[in-house]
Amino acid sequence: MPSKSNEERLLLVSPELASVLATIIKRLRDANGGKIPLVARYDSHERVTGPQLPHLFQRRPYWQPQVMSEAAVKRLLDRTLECTGLRDQAGELLRYTPHDFRRMFATEAVTGGLPVHIAARILGHKTLTTTQAYLAVFQDDLIKTYRGFLDRRRAARPQGEYREPTPQEWRDFQQHFELRKVSLGTCGRPYGTPCKHEHACIRCPVLQMDPRQKPRLIEIIQNLRERIREARANGWLGEVEGLQVSFDAAMAKLKSLQEHPHRRTPATGRTRHARLHRRRTTASTG
């Protein structure tokens, strides 16, 4: 079916909606000799009249059929809501626009388990950001949907994955909370991941410098200066480029230490507990 973006789109309907659409089609055909009249629709936003098409939502207020405007549908909704007597928390009669039902459909579909990217295709959105702006997610719905998602995932996964870890697996897991010490400080690389810098720690952005290693860092910087000078003197341009990268990284770490001279590498896991234990023992025996 055509859309406001002038792109043809697949329309998915439920059996109940299909029955309503069939009733509308039958009513139009019975009143017009078995055919649906061709009607041109006026676009109030673009201020143009489109081609004649067999629009389903049309009526004959005067001598010729016309497409029902958004204002006309809004008036019908207001009359229907007035008949129901439904009111909001402020005591005012409920008011809906035709577009509100599109938002309610998207919210109920996604909270009911429909993947958001599928909802985006149904609504004709080109990006998920547009669909997400449609959704009204409440805290209870969020918790309920997430728990349902976990239950479905657990039911689909092999039962063998839900078991007690072996002693070796526990040891490997506990090592994650140990600080990985290197010559100049502590490596912040995630546990179990390879070193992308081939252990060239001076270049690595996740190296957390130990302030006590500042003299060693100054020695490394001086050595890099001498090696760069030697490489330039011998015309080793490739060597100069690599050494310069290390030199710049070392200078950046030295600058960081000078700006934060009292910063210490954070302690985690068993190392932190051990330090706290030593402090408590010292305080109790002092």
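I begin with a definition: two residues are in contact when heavy atoms of theirs lie within 4.5 Å. I also note that this is a predicted model, in which local features need pLDDT of at least 70 and side-chain atom pairs count only at pLDDT 80 or more, while totals for chains, interfaces and linings use all residues. Residues are numbered from 1 along each chain as its sequence is written, and side-chain values use heavy atoms, with hydrogens and water left out.

**Entry on T97**

I looked up T97 and found this residue in the loop between α2 (70-84) and α3 (98-111); helices (H or I, at least four residues) and strands (E, at least two) are DSSP runs, numbered from the N terminus. Leaving out residues up to four places away in sequence, T97 touches K74 and L77. I also noted that the C-alpha atoms of T97 and V73 are separated by 8.3 Å, although the two are 24 residues apart along the chain. Is T97 buried, exposed or partly exposed? T97 counts as partly exposed because its relative accessibility is 29%, where buried means under 20% relative accessible area, exposed over 50%, and partly exposed in between (1.4 Å probe, protein chains only).

**Entry on A120**

Apart from its neighbours within four places in sequence, A120 is in contact with H125, L128 and T131. From A120 to Y134, 14 residues apart in sequence, I read a C-alpha to C-alpha distance of 10.0 Å.

**Entry on helix α1**

I checked the length of helix α1 (residues 15-31), whose 17 residues should span 24 Å at 1.5 Å a residue, and the 25 Å between its end C-alpha atoms agrees; the expected span is 1.5 Å times one less than the number of residues. Which residues of α1 are buried? They are L21, I24 and L28. Seen down the axis of α1, these buried residues fall within an arc of 55 degrees, so they line one face of the helix; the arc is that of the directions from the helix axis to the C-beta atoms. What covers them includes β3 (58-59), whereas the face turned away from the buried side carries the exposed residues P15, E16, K26, R27 and D30. After α1 comes G33, with a positive phi near 65 degrees.

The buried residues of α8 are L217, I221, L224, I228 and A231, and they fall within an arc of 90 degrees seen down the helix axis, so they line one face. These residues pack against β7 (207-209) and α9, while the opposite face, turned away from the buried side, carries the exposed residues P215, E219, R229 and A233.

How do α8 and α9 lie to one another? The axes of α8 (residues 214-233) and α9 (residues 237-259) come within 9 Å and cross at roughly 155 degrees; axes are lines fitted to C-alpha atoms, for helices over the stretch in contact, and angles run from 0 to 180 degrees between N-to-C directions. That makes α8 roughly antiparallel to α9, a word used for angles over 145 degrees. Among the residues making the contact are L217, I221 and L224 of α8 and L243, F247 and L254 of α9.

Technical notes
Parallel < 35°, antiparallel > 145°, perpendicular 65-115°, else oblique.
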